[in-house]
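Student: I've got a model open and I'd like to learn how to read it. Could you walk me through it feature by feature?

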Amino acid sequence: MTTIKNIFARVWALWGLLSFIITFLLIFIPSMISYLIPGIKGQEYFIGVARFWMNIWLPLIGCPVKIKGKENFLKGKSYVVVFNHNTLLDVPLSAPYVPGANKTIAKASFAKAPLFGWFYMKGSVLVNRKSEQSRIKSYEEMKAVLAAGMHMSIYPEGTRNRTNEPLKSFYDGAFKLAAETQKDIIPCLIFGTKEAMPVNKVFYLLPTKLQMHFLPPVSSTGISSKDLKEKVFTIMKNYYTANNN
């Protein structure tokens, strides 16, 4: 039975890759129109196209997503949105389903991919983590994104969680950014991607119902970035443990 499951998961992963490429090519030109629309309106349009794409692709691979907690985003406010990170499947989920215009901090190397790199750059603040200069520049760009009225989407674990714990320890960046800009943090927990695409398996995908839960905002006022990090970590860990059925 395990052998059959593994064979199916790898065949399904091939379907996932092929359908990803085909649907991306269909939305590529419409997504590029966002470069012609200045400011926050262009980013709102881009996120709308990305969401449309995911609303097609995720059901095609048997991984429909259910969103909870969108009401926690107040109109006219920008937030630092932090996600748990279990697998690569988290990446196409996160930004498209954040209500409103947003950008994600992301690896600069991925922007070199043909065609997809242009799409990737539009949705991201790029950073080369090996370069101190790049990290400083990306931090200033993230502040500019928030100042422009857009949200910043960040994975505070930094990389995929390969441990047996609900969350890896958090890096400081998201919380320093929130404290310095006085922006509230909205934690988001992603469920199901760990089962759909286990991090310890290569080229493996299973149909799985996915969920994203946006939690109430956590204020950055009157609290140090270190304490803010610990507070958000505890909230997210407790919620994930209680709801990961």
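Student: Let's start with asparagine 72: which residues does asparagine 72 touch, not counting residues up to four places away in sequence?

Tutor: A contact here means heavy atoms within 4.5 Å. By that rule asparagine 72 touches Tyr79, Ile186, Phe214, Leu215, Pro216 and Pro217. Asparagine 72 sits in the loop between β1 and β2; helices (H or I, at least four residues) and strands (E, at least two) are DSSP runs, numbered from the N terminus. Keep in mind that this is a predicted model, where local features need pLDDT of at least 70, side-chain atom pairs count only at pLDDT 80 or more, and totals for chains, interfaces and linings use all residues. Residues are numbered from 1 along each chain as its sequence is written, and side-chain values use heavy atoms, with hydrogens and water left out.

Student: Is asparagine 72 buried or exposed?

Tutor: Buried means under 20% relative accessible area, exposed over 50%, and partly exposed in between, with a 1.4 Å probe and protein chains only. Asparagine 72 has 15% relative accessibility, so it counts as buried.

Student: And where does valine 82 belong?

Tutor: Valine 82 is in strand β2, and at 0% relative accessibility it counts as buried. Leaving aside neighbours within four places in sequence, its contacts are Ile154, Pro156, Ala174, Ile185, Ile186, Pro187, Cys188, Val232 and Met236. For a sense of sequence versus space, valine 82 and lysine 229 are 147 residues apart in sequence and 11 Å apart in space, C-alpha to C-alpha.

Student: How should I read the nonpolar cores?

Tutor: In soluble globular proteins, nonpolar side chains tend to be buried together. A nonpolar core is a set of buried Ala, Val, Leu, Ile, Met, Phe, Trp, Tyr and Cys residues joined through side-chain atoms within 4.5 Å. The largest one here has 34 residues, and Leu58, Val81, Phe83, Phe119, Met212 and Phe214 have the most contacts inside it. At least two residues each come from α1 (2-32), α2 (39-60), β2 (80-83), β6 (185-191) and β7 (210-214). The largest share, eight residues, is supplied by α2. There's also a second, separate core of 28 residues, which includes Ile105, Met150, Leu167 and Phe175.

Student: What order do the strands take in the sheet?

Tutor: Two strands pair if DSSP finds at least two bridges between them. Seven strands form an open sheet with mixed pairing, in the order β1-β7-β6-β2-β5-β3-β4. At the edges are β1 (65-68) and β4 (124-127), each pairing on one side only. From one strand to the next, the twist averages 20 degrees.

Student: What can I say about β3?

Tutor: Strand β3 (residues 102-107) runs parallel to β4, with four bridges joining them. With β5, the pairing is also in the parallel sense, over three bridges. Five of the six residues of β3 are buried, which leaves the strand mostly covered.

Student: Which helices pack on the sheet?

Tutor: One of them is α6 (residues 173-181), which touches β2, β5 (151-154) and β6. Angles run from 0 to 180 degrees between N-to-C directions, and axes are lines fitted to C-alpha atoms, for helices over the stretch in contact. The direction of α6 makes about 160 degrees with that of β2. Helix α8 (residues 225-243) lies across β2, β6 and β7, running at about 30 degrees to β6.

Student: How do I describe two helices against each other?

Tutor: Two packed helices are described by the angle between their axes and the distance between the axes. For α1 and α2, the angle is about 150 degrees and the axes are 10 Å apart. Those two helices are therefore roughly antiparallel (angles over 145 degrees). The α1 side of the contact includes Trp12, Trp15 and Phe20, while the α2 side includes Tyr45, Phe46 and Trp53.

Definitions and conventions: Angles under 35 degrees count as roughly parallel, over 145 as roughly antiparallel, 65 to 115 as roughly perpendicular and the rest as oblique.
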